[in-house]
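Visitor: I have a model to look at and some terms to sort out. Can you take me through it?

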Amino acid sequence: CWSEKETHPRWDNVEYAVIKVFDVETGKIRKFTSRSRYFAPAISPDGSMIAAVEVKANNNYSIAILDIQTGKPLNNIVFQDDVFPMTPAWAEDNKSLAAIILGDKGKSLVVVDAENGETKTIIPFTYKEISHPVFSGDDILFTGSFSGINNIYKVVMGSGNISRITSVPFGCDFVCYDESTDRIIFSNYDSKGYHLTGMPVKEGTPLNKVQDHSIKLYESIVQQNNFNLDTASIPDSTYEVKKFRRFPHLFDFHSWAPVSIQANNREVQPGVSVLSQNLLSTSIFEAGYSWNINEEEGKVYMNYSYLGFFPVIDISADYGKRKDVFTDRSGKSLNYSWQETNIGTAVRLPLDFTRSKYYKGLQPFASYSLKFRDMDDDSPLRFRKSNISSLGFGLYLYHNLKRSQRQLMPRWGQTLNVRYYYTPFDDKISSVLGITGTLYFPGLLRNHGISVSGSYQEMKSGYYAYSDIILFPRGYSNLSFDEVFSVRTGYVFPLFYPDLSLGPVMYLQRVKMKLFYDWAQGSNNNKTSTISSLGAELTGDMHLLRFLAPIELGVRGIYIPDKEDFQFELIFAVNFDTFYLNGREGRRVMEKSFTEVR
């Protein structure tokens with residue numbers, strides 16, 4: 001049995017610790033408790049009960065005795081003096097428990113009667129580190145640091161005599177006792193990490209003959225400091241408990257940047273920005289000025305998200321000048337410009353069902369936006385309709401295997417992203433439907449990964465033409481299809497880990513490469529076209545100028561077979577997960593949180 005962390009589907013700070021039981025014979029896992037806060041569970045020798053440390057929401061501590069068949073509490077052992085119990089272990093009689101208790105005077109080893117809660121002190125409180133007790137017949141084995149490093153010790157119940165059983169050079173922990181062979185098994189530590197070690201139980205070295213070789217760094221600090229804290233002179237103040245008003249504390253500006261950072265839609269542009277997140281992490285605000293490199297025009301913008309309700313409410317607005325080029329049938333290009341104002345709101349429900357080794361969740365959303373466009377007087381063109389109302393709906397689902405820091409993508413995972421937008425009040429409706437599914441597979445070697453994405457998009461242009469919401473093959477831009485299906489594949493692997501630090505300028509953590517092949521088939525006015533590209537990306541994960549968020553910087557080489565053309569692009573990406581100081585925004589989009597700016 002073990003304790004496993006679970007979170008509330010919606011509220012990130014509501015956490016639970018449930019007990020799961022694994023049946024060795026059948027191979028089945030049973031969830032033993034729900035919405036509980038149990039830690040360090042231990043099964044009784046006869047397999048009928050589980051003892052676990054329970055921590056209430058009000059920080060009351062106890063040892064709970066649970067029936068292993070029903071999960072119902074049989075007893076609840078509360079300790080005096082507000083001590084914290086740790087790692088209970090059963091005796092062979094199924095009636096007693098050994099446990100470490102933590103209090104103001106350090107740690108103590110006690111034996112507790114599982115029925116009436118009577119406590120007997122075996123080792124008085126000490127500031128030496130002791131942990132993980134187990135019964136060995138009438139004695140108790142535990143981990144102790146009396147010599148300066150962790151070793152396995154034994155205490156005799158009757159006399160209280162303590163002796164050291166092991167004498168390893170670098171430390172050991174987590175002892176288990178095998179009664180049939182009178183041997184112990186423990187985790188021994190060396191230069192290659194922890195590994196299991198077994199040995200017979202021996203008499204050991206009496207504690208009074210164990211020399212303390214700890215470094216005692218505190219002694220030099222004490223000699224340097226003449227300050228004496230007189231606790232009696234500290235005033236005993238009682239602070240008034242009063243209701244926290246959320247509305248006056250919605251904004252807490254914590255960062256600014258000499259670039260435009262919009263973490264809600266993963267965009268980085270030249271400009272300036274400020275970021276705010278309140279103390280409860282329920283109010284996130286972004287504002288700034290952004291410069292569009294392609295159009296050579298700028299805009300002011302504001303994004304606000306309130307996460308205090310069960311659904312999340314998003315509000316956005318921006319204003320600025322826009323430019324574009326229209327090419328008529330004769331090939332003549334016409335430049336036109338306009339002032340554009342966008343106002344939008346959205347409601348989304350980010351639900352997280354992460355359990356065990358998988359990140360799982362879904363996020364439905366609905367949005368409404370207004371676009372006001374005022375064409376410049378000297379522009380040679382006019383919009384067919386200047387003001388546009390747009391409704392949007394979508395659903396994002398993910399099911400990804402948790403990964404380590406070295407893994408570049410999940411070894412196994414699936415995501416699905418469905419979005420639909422349309423203009424509801426036009427007699428000639430414009431719409432766009434986009435569906436993208438991604439599969440993740442393990443690569444040939446450790447930390448290698450394979451991704452395969454398939455996308456479908458259908459576009460209908462009435463008075464307004466929506467932007468594409470799926471990705472086309474790399475190397476192509478300004479494509480227009482009424483209907484398109486695309487496939488993007490990638491094989492990514494690390495090259496080396498330089499851990500290169502250039503003072504405050506750059507810290508280069510990892511260099512990696514991705515090989516890719518993309519393909520798409522689209523139709524427009526009953527004419528079908530097929531395009532493809534392949535190539536490689538060489539990028540590095542780094543921090544620049546001590547910037548908090550990790551940055552991916554590199555180059556992409558693309559070969560387009562149809563044109564027999566080579567292209568090169570600069571890759572610049574920012575991992576925006578770090579801008580959410582709390583909450584699960586990063587977890588929910590963790591496998592797609594990098595935005596590329598070309």
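**Ser96 and its surroundings**

Guide: This is a predicted model. Start with Ser96: beyond the residues up to four places away in sequence, Ser96 touches Ala89, Trp90, Ala91, Val111, Val112 and Phe135. Ser96 lies in strand S9, residues 96-103.

Visitor: Why is Ser96 called buried?

Guide: Its relative accessible area is 18%. Buried means under 20%. The value for Ser96 falls under that cut-off, so Ser96 counts as buried.

**Cysteines**

Visitor: How many disulfides are there?

Guide: The count is 0.

Visitor: What rules out a bond between Cys176 and Cys172?

Guide: The cut-off again is 2.5 Å. For Cys176, the closest cysteine sulfur is in Cys172, at 12 Å, and therefore too far for a bond.

Visitor: What makes Cys1 and Cys176 partly exposed?

Guide: Partly exposed lies between the 20% cut-off for buried and the 50% cut-off for exposed. Cys1 has 31% relative accessibility. Cys176 has 47%. Both values fall in between, so both residues are partly exposed.

**An open sheet**

Visitor: In what order do the strands of the open sheet of 3 strands run?

Guide: The order is S16-S17-S18, with antiparallel pairing.

Visitor: What makes S16 and S17 a pair?

Guide: Pairing takes at least two bridges. S16 and S17 (residues 183-190) are joined by 5, so they pair. Asp173 stands opposite Ser187 in S17.

**Nonpolar cores**

Visitor: Which residues touch the most other members of the largest nonpolar core?

Guide: They are Tyr421, Val432, Tyr466, Ile469 and Val484, and the core has 18 residues. Strands S34 (506-524) and S36 (551-560) are the elements giving two or more residues to this core. A second, separate core has 16 residues, including Ala98, Leu109, Ile130 and Val210.

Visitor: What is Ile469 in contact with, leaving aside neighbours within four places in sequence?

Guide: Arg419, Tyr421, Val432, Leu433, Gly434 and Gln457.

Definitions and conventions. Residues are numbered from 1 along each chain as its sequence is written. This is a predicted model: local features need pLDDT of at least 70, side-chain atom pairs count only at pLDDT 80 or more; totals for chains, interfaces and linings use all residues. Side-chain values use heavy atoms; hydrogens and water are left out. A nonpolar core is a set of buried Ala, Val, Leu, Ile, Met, Phe, Trp, Tyr and Cys residues joined through side-chain atoms within 4.5 Å. Buried means under 20% relative accessible area, exposed over 50%, partly exposed in between (1.4 Å probe, protein chains only). Helices (H or I, at least four residues) and strands (E, at least two) are DSSP runs, numbered from the N terminus. Contact means heavy atoms within 4.5 Å.
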